[in-house]
Each structure stands twice: as C-alpha cells, then as structure tokens.
Amino acid sequence: VSSATQAGPAAAAGPASTLSQRRPLGDRTFQAVALGSGLLVLVILVLIAVSTSQQASSWFATEGVKGIFSTTWNPAANQFGALAFIFGTGVTAVIAVVIAVPISVGVALLLTEVVPYRLARPIVYVIDLLAVVPSVVWGLWGILVFAPWVQGVYNGIASAVKGVPVLGPLFGPPASGASFFTAGLILAFMITPIVTSLSREVIATVPTIEREGAYALGATRLEMIRGAVWPHSQGGIVGAVLLGLGRAMGETIAAALVIGASPTITSHLFAPGYNMPAVIANEFGEASGLYRSALMGLGVLLFVFTIIVNLIARAIVERSARRMRGA
Amino acid sequence: MAVITQEPKVDLREPAGWRRTKDRVATVLMVLAFVVVIVPLGFVLYTVIAKGASVISWSFLTSGPIPPNVLPASVGGMGPAVLGTIEITALATVLAVPLGVLGAIYLREYGGKGPLARLIGFMADVMTGVPSIIMGLFIFSIWVLHFGYSGLAGAFALGCLMLPVVIRSSDEMLKLVPDSLREGSYALGATKARVTVTVVLPAAIGGIVSGALLAVARAAGETAPLIFTILTVTAANPNVFSGANTALPAQIFVNASQPYVGAQARAWGAALTLIAIAFILMIAARVVTARFTRYPR
C-alpha cells in the first residue's frame, strides 16, 4: 500500500530485490560472465601498464628522468636517451595530422553536403578500402616504390627553397627517400580513413533544420557550412583530429620501414629520423638486458602519450555529443 | 510590401559574383581532397597487384619452408606464413569475439547507464587507441617471457586488439534492437539471460557478425603485435599452441628491408595474399550486413 503512495527509490527497491533473489542460477551466471568480459577491458589496460612498466624498471632505475630527456642513444655504450625518439614521434605525427586533416574534413564535407547518397556510398567504400590496406603493405610500398620516387620531389623542393628563411632549414636536400617527411606522408594516408569517418559522423549530427535555415536566408553552400555545420561540429572534429594524432603516434611498421632509422633531432624534415614505435620494432629482436628494458621504457612512454591523447579526444567528443543532444 | 515589389530584378535562385566563386572554389577543393585520397590508394593497389600477381601460384601459397633471401622468387613459397596467418587469426577470433560480444551484452543489457558500464564503455574506446605495438610488448612481458614464443601468444596480442573493437561494434548493434522485443519476452516470463540469448542476440546477429569480420580483417594485417610474440621463423608450424611460428605480415616486414630481388618479390606476393584475405573478409562483412541485418541504422 505504501509503495503506491510513496514513489521513492527505497520503496521500489524492496520488491525488486526479492524478485532478483529468485532469479535462477543460470541467469545469474550469465550476468556474471558478461560482467567478467566487460571487466576484461579494464584488467587488460591495468595489466599493460603494470607489466610493461615492470619490464622497463631497470631502464628507469638506471637512467631515471634524465634518460627521458637525454638525446644520446648508443646501445653499444649502454646509453639510452629517449628524447630523439620522442621528437621523431611528435614530428611525424604532426606532419601526418597537418596533411590528413584538411583532406579528411574536405572528403567528409563532400560526402555529407555535396554528393547525393547514392554516390556517397561507393566513396565510403573506397575510403574503407584505404583502412583495410595493412600497415606493413604501406611500409613495403613506401620503402620500395614511394621513397625512391619522392626523393626526386624532395630534391626539387630543396633547391626551390634554398636560402629562403624558415623554409630553407626545414626542407633541405634529402639524403635518401627515407625521412621524417616520408614517414609523415605515409602515416597521413593511413589516418585519413579514421579521421574522415569520425568527421563524417560528427557532421551528420548537424540538424537538417539549421542547414535549411541557412539556405533559406540565401546562403551559398560554403556559407551554410561555415554558419551552420562548423559551429555544431567543431568540437567533434577536434576530437577526431586528436584520435588521428594518437593513431599516427602509434603506427609502427610503416614508420619503421620508411623513417630512415637514425635517432637525430633536427629541423630538417627531409633528413632520416626515428620514432618510438619504429625503434622498438626494429631493435627489440636483438636487444637484451638494459637495452631491452630501455625499449620497453619507450613502449611505456608511447602508451602513456597515446592514452593521454585518447582520453582528451574522447572527453572532447563526449562533451560535444552531449551538447548536441542538449541543443 | 512596397519595398519588396520595388526590387523585382533580384534573382533569388542563385547567388552571384564573389560569393558564388568562393562556393565553387570550396566545392572543387573538396573534390580535390577526394582525388588526393584516391591517388595513393590506387598507386598502392596497382603496385601490389602488378608485382605480386606474377609471384603468386598455388605452390607459392602452400609450399615451404620459406627459402633464404638470396634465392629467386621461383623457388619455394610462403606456405608457412599463410598457414600461420590463418591459424593465429582464427585463434584470436575464437578468443576475442565471444568475449567482446559478452562484454557488449553487459554494457547494453545489464550495465545500462550505470557508472561501471559507462567506465567500461569509455575505456573500451580508449583501448581502441592503444597502439598495436604496445599489445605486442604486453604479451611479450606477461606470456612470452614465461612460456616462450608461440602462435598462441600472437593470438593473445591480436585478440587484445580485436576485443574493444568487437565490444564497440556489437554494442552499437544491440542498441538497434527495439525495446518492445525485450519487453514482449519478459511479459512471457522469460529470464533476462534467456531473452538476451534467444531474442536480442538473434535480432542483432547480422550486424555483430559483420562488425567482427571487419575486426578480423584489420587484425589479420597487423604486424607489430606479432613480431614480439611469434618470432617469425621460416618453417611451417601447424601447432599453434607451442613453438615459434610465422605469419604473412611479419614475413613481409622481414623481407621488405632485404636488398635481394627474390626476397622482395616474395614480400610483394605475400602482400597481395594478405590484401586479398582482408578484402575477402571485408566483402563477407558487407554480404552479411546486406543479407542478415534486421534492424539497419
């Protein structure tokens, strides 16, 4: 009787809990198994952090924080500084994002705002094909076909900007086709599908009524995009860009093959370089002891960096999605 | 009213002049962006097919062991790597797909909007962003150091990559199943487990299978998690549970940095095989989506 007059949660929980006690064993077991599978995600993430840090502990103990900021990487002399690889990871990922983002957003806008649905579908299929080409195939193509070809392009650019301030030191003559810039380009091809599809999802949530409102005011398509689509999807696209950045930082095999395998810090983007995933992939096989521990340490740093980028990206995406629902 | 009738010459259909030019330029740039995407894709596919097709034959796909790098492509084949890829990917699928679907069932059917389900969902999203090489290092640390290199270790690493992807795609599909279906079953007195297994899952199975196939297609091409877990040997190892193994992506990685023409040719052949496997899985996913989806997006 009281539950009918009082609609408090305590009153509702009473009869529900007696019901759940009568639930058969199979039902409860199924729920427990499902919960266990869900918790596996958290368990794996914690185990990754713990086990790789453990393996890296002797590097952290020997080199400490100084090791992270040291530029000398000389396995023969037991010197393992991480800074050159952190630099390389940053440079290649930024090159990839700077190239991939305008292209991805352009294609996303093309798909959502310009072409009709029946034409958009085959275009989406083609973009998906790009995502299915494995990293190692990009690397194989990159080192055997693309790098030798692009070296000529680099030579042309280098002689064109020679002596020009800012551009001159950035785009000097290449030593070979394998360089920071080649790795950045290949990574750009690889993250384009993910940034495109995420941007497309974000742009698709813009209310049709706002588009039509802009058109009704006499806006051109470009003006409609700037006035109605952009304010709505800004946050989500920033999130998509950060997710692309995280991908570019962690992509291993393609970068390992085309980056040039030289741990250097330079402003010169056509010079051979190195980044964290590439050095781990290339040198882990022959490493042992402190050397292996240092490579594990690079892995831990990479894990931390990508987790941070992903957390920020997901938070931005969630926030903009919530605001969209509120609107 | 009078103001409007005084300006009859304004053409409302299309903006003219500078505004229109800017609009046209923007459209051309968008089309150009698509062309920029198409060119490298076409270039890669063309090269892989042109260089790989002449290498591939039945004996290339089945015979082994993989010959030394100096030998030409006409000798021996990638049989061990094809076998390894199939057994490792299959094992990873068997491990990750059921767990991923169960995890999604927890998120959608049990957890609801509770804090734990939200945390797991968020962390699954974050886990999709963990680089594949980290999964390799992880399995190396907790498995390979204690039990040695094996196909199983490779399958664990690939499974870790697939798990969050399967959770997310299955979750999306379960979301599409209408609540009226669940409520109807409860009204008949069914338990939650029975409703989930016999009503909700069959209703969403098309989308779940197609999502899982796409996850498998991505995992089959992954290299970084394998090089630390299977060791990339040249002889075939039909026992996936013990002993060093090999796989197509790992073999391509090894061969790509070789100066020998034969090794490179074998890499192109293996690349074509790998892309063909990925495409077949992707087409299968499309077919499943087209034929078995009951509740489309």
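Where in chain A is the place of A:Ser51? In this predicted model, A:Ser51 belongs to helix 3 of chain A, which covers residues 25–68. With a relative accessibility of 5%, A:Ser51 counts as buried, because buried means under 20%. Apart from neighbours within four places in sequence, A:Ser51 has contacts with B:Phe138, B:Ser141 and B:Ile142. Within its own chain, the C-alpha atom of A:Ser51 is 9.9 Å from that of A:Met296, and these two residues are 245 positions apart along the chain.

**Confidence in chain A**

Chain A has a mean pLDDT of 88, and 92% of its residues reach 70 or more. The lowest confidence in chain A is found in helix 1 (residues 2–5), with a mean of 40. The highest is in helix 4 (residues 83–114), at 95. Residues 1–15 of chain A have a pLDDT below 50, and beyond near neighbours in sequence this stretch makes two contacts in the model.

**Loop residues**

The loop between helix 10 (224–227) and helix 11 (248–256) of chain B contains B:Ala235. B:Leu231 also lies in the loop between helix 10 and helix 11 of chain B. In chain A, A:Ala261 is placed in the loop between helix 11 (253–258) and helix 12 (276–283).

Which values does phi take at A:Ala261 and at B:Leu231? For A:Ala261 phi is near 50°, a positive value in a residue other than glycine. For B:Leu231 phi is near 80°, again positive in a residue other than glycine.

| Residue | Relative accessible area | Class |
|---|---|---|
| B:Ala235 | 40% | partly exposed |
| A:Ala261 | 42% | partly exposed |
| B:Leu231 | 42% | partly exposed |

The C-alpha atoms of B:Ala235 and B:Pro80 are separated by 6.0 Å, although the two residues are 155 positions apart along the chain.

**Aromatic pairs**

A pair of aromatic rings is described by the distance of the centres and the angle of the planes. Over all chains, the count comes to 25 aromatic pairs. One of them is the stacked pair of A:Phe80 and A:Tyr291, with 5.4 Å from centre to centre and 25° between the planes. This pair links distant parts of the chain, 211 residues apart: A:Phe80 is in strand 2 (residues 79–80) of chain A, and A:Tyr291 is in helix 13 (residues 289–326) of chain A.

A:Phe146 and A:Phe189 have ring centres 6.1 Å apart and planes at 70°, so the pair is edge-to-face. A:Phe146 lies in helix 6 (residues 135–160) of chain A and A:Phe189 in helix 8 (residues 180–204) of chain A, so this pair ties together parts that are 43 residues apart in sequence. Both A:Phe146 and A:Phe189 are buried.

Which residues form one aromatic cluster with A:Phe146 and A:Phe189? The other members are A:Trp138, A:Trp141, A:Trp149 and, from chain B, B:Phe43.

**A charge over a ring**

In chain B, B:Lys192 is placed over the face of B:Tyr110, at 5.0 Å from the ring centre.

Methods:
Residues numbered from 1 in each chain as written. Chains lettered and ligands numbered in written order. Predicted model: local features only at pLDDT ≥ 70, side-chain atom pairs only at ≥ 80, totals over all residues. Heavy atoms only, no water. pLDDT = per-residue confidence, 0-100. Helix = DSSP H or I, 4+ residues; strand = E, 2+ residues; numbered from the N terminus. Contact = heavy atoms within 4.5 Å. Buried < 20%, exposed > 50% of the residue type's maximum accessible area, 1.4 Å probe, protein only. Phe/Tyr/Trp six-rings, centres within 6.5 Å; stacked < 30°, edge-to-face > 60°. Lys NZ or Arg CZ within 6 Å of the ring centre and 35° of its normal.
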